[in-house]
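User: I would like to learn how to read a structure like this one, feature by feature. Could you walk me through it?

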Amino acid sequence: MTATLPTDYIGRFAPSPTGLLHIGSLLTALASYADARANRGKWLVRMEDLDPPREMPGAAAHILHTLEAFGFEWDGEVVWQSRRHSLYRDALGRLKEKGLLYPCYCSRKDWQAAAAQGADGFVYNGRCLRPEDRPHTDKPPAWRIRVNDETIGFDDGIVGHYAQNLARDIGDFVLLRADGFWAYQLAVVADDADQGITHIVRGQDLLVSTPRQIYLQRCLGFATPHYAHLPLLVNKHGQKWSKQTLAPALDENHKEQLLRQVLQYLNLPPAPEVSRPQALLSWAIEHWQPHKIPIRDIVTE
């Protein structure tokens, strides 16, 4: 379902069809939607379907149906990453022309055996950085971008200041995998720039990725959006609700209950009785107060 609003604010919701929407997805959808509409902005939907082996058949259509059932109205057409390979090839080509990329033939097992733990897994040790150190092989490489020994920080709308030294905390990271699939970091940066995204409201599981994305934005000459990273909804074991932790799919028979639950997590005032889910979304927009959103994870059971 589409709506149209003229604005300078452009936000987005970008689910991956690896599973169905759950309560954590609803939190992100509602928060990003309310933030956009409260600022008289556009809210786009992008389907991040770049990893076919992990995708669930029928999940993408189910996600869009669920969003409509819960009252969300997006602007323009849904964008599908699987149809935008030329955009990613162009971005990769520009980085190659700048001499920022190099081929990597390392197996994950080999390089991680000698690597230190960093902010998001192991820190790549530069094993393939120098041409003379690369193995002689016919197998296709992954392509990594070399990073600088510098701190990249930003002021998040919820978390506050966050920073990483990419060389120390992450290492040179992959943009195109050896199996031919695009890495999330490149695709999301290219898409956000192409769609003119100005504000990104998403979960704190992606906070650790943001300095890498800002680095890519700078390398490609793209503007950096405003970021706000939401608290994660977790189970009693402190694990983020997801397909892996058996998060139950959103039940359309309990739309109002689930929306009210998410409103509470976002510290919005209790809404009055309503006859349709759109009224609860309107309530969220009218009472939107991002400074009241909690920073820490929220246990939901």
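User: Where is the place of Arg40?

Analyst: Arg40 sits in the loop between α1 and β3. Keep in mind that this is a predicted model, so every value we discuss is computed. Arg40 has a positive phi of about 55° although it is not a glycine.

User: Is Arg40 buried or exposed?

Analyst: The idea here is to look at relative accessible area, where over 50% counts as exposed. Arg40 has a relative accessible area of 62%, so it is exposed.

User: Let's move on to sheets. What is the strand order in the open sheet of 3 strands?

Analyst: First the general idea: strands of a sheet pair through backbone hydrogen bonds, either parallel or antiparallel. In this open sheet the order is β2-β3-β5, and the pairing is parallel. The edge strands, β2 (10-13) and β5 (79-80), each pair on one side only.

User: How many bridges does β3 share with β5?

Analyst: Strand β3 (residues 42-47) and β5 pair over 2 bridges, in the parallel sense. To find the spot by eye, look for Met47, which stands opposite Trp80 in β5.

User: Which strands does helix α1 lie across?

Analyst: Helix α1 (residues 23-38) lies across β2 and β3, and runs at about 145° to β3. Helix α2 (residues 59-69) lies across β2, β3 and β5, and its angle to β3 is about 160°.

User: And what does an antiparallel case look like here?

Analyst: Take strand β10 (residues 151-156) and strand β11 (residues 160-165), which run antiparallel and are joined by 6 bridges. β10 and β11 form a hairpin, with 3 residues between them. Within this pair, Thr151 stands opposite Asn165 in β11.

User: Now for the rings. How many aromatic pairs does the structure hold?

Analyst: There are 8 aromatic pairs in the structure. One of them joins Trp43 and Phe72, which are stacked at 5.5 Å centre to centre, with 25° between the planes.

User: Why does the pair of Trp43 and Phe72 tie together parts that are apart in sequence?

Analyst: Trp43 lies in strand β3, whereas Phe72 lies in the loop between α2 and β4 (74-75), so the pair ties together parts that are 29 residues apart in sequence. Trp43 is buried, with a relative accessible area of 0%. Phe72 also counts as buried, at 1% relative accessibility. Trp43 and Phe72 belong to one aromatic cluster together with Phe13 and Tyr33.

User: Which charged ends sit over rings?

Analyst: Here are two cases. The charged end of Lys96 sits over the ring of Trp143, 4.0 Å from its centre. The charged end of Arg144 sits over the ring of Tyr124, 3.6 Å from its centre.

User: My last topic is cysteines. How many disulfides does the count come to?

Analyst: In general, a disulfide is a covalent bond between the sulfur atoms of two cysteines. In this model the count comes to 0 disulfides. Cys104 is in no disulfide: the nearest cysteine sulfur, that of Cys106, is 3.8 Å away, and the cut-off is within 2.5 Å. Cys219 is in no disulfide either, with the nearest cysteine sulfur, that of Cys104, 18 Å away.

User: Are Cys104 and Cys219 buried or exposed?

Analyst: Cys104 counts as buried, at 5% relative accessibility. Cys219 is buried, with a relative accessible area of 11%.

User: Which residues does Cys106 touch?

Analyst: Leaving aside residues up to four places away in sequence, Cys106 touches Trp111, Tyr124, Arg127 and Cys128. Cys106 is placed in the loop between β6 (101-104) and α4 (108-112). Its relative accessible area is 17%, so Cys106 is buried. Along the chain, Cys106 and Arg134 are 28 residues apart, and their C-alpha atoms are separated by 8.5 Å.

Note on methods
Residues numbered from 1 in each chain as written. Predicted model: local features only at pLDDT ≥ 70, side-chain atom pairs only at ≥ 80, totals over all residues. Heavy atoms only, no water. Pairing = 2+ DSSP bridges. Helix = DSSP H or I, 4+ residues; strand = E, 2+ residues; numbered from the N terminus. Contact = heavy atoms within 4.5 Å. Axes fitted to C-alpha atoms, helices over the stretch in contact; angles between N-to-C directions. Buried < 20%, exposed > 50% of the residue type's maximum accessible area, 1.4 Å probe, protein only. Phe/Tyr/Trp six-rings, centres within 6.5 Å; stacked < 30°, edge-to-face > 60°. Lys NZ or Arg CZ within 6 Å of the ring centre and 35° of its normal.
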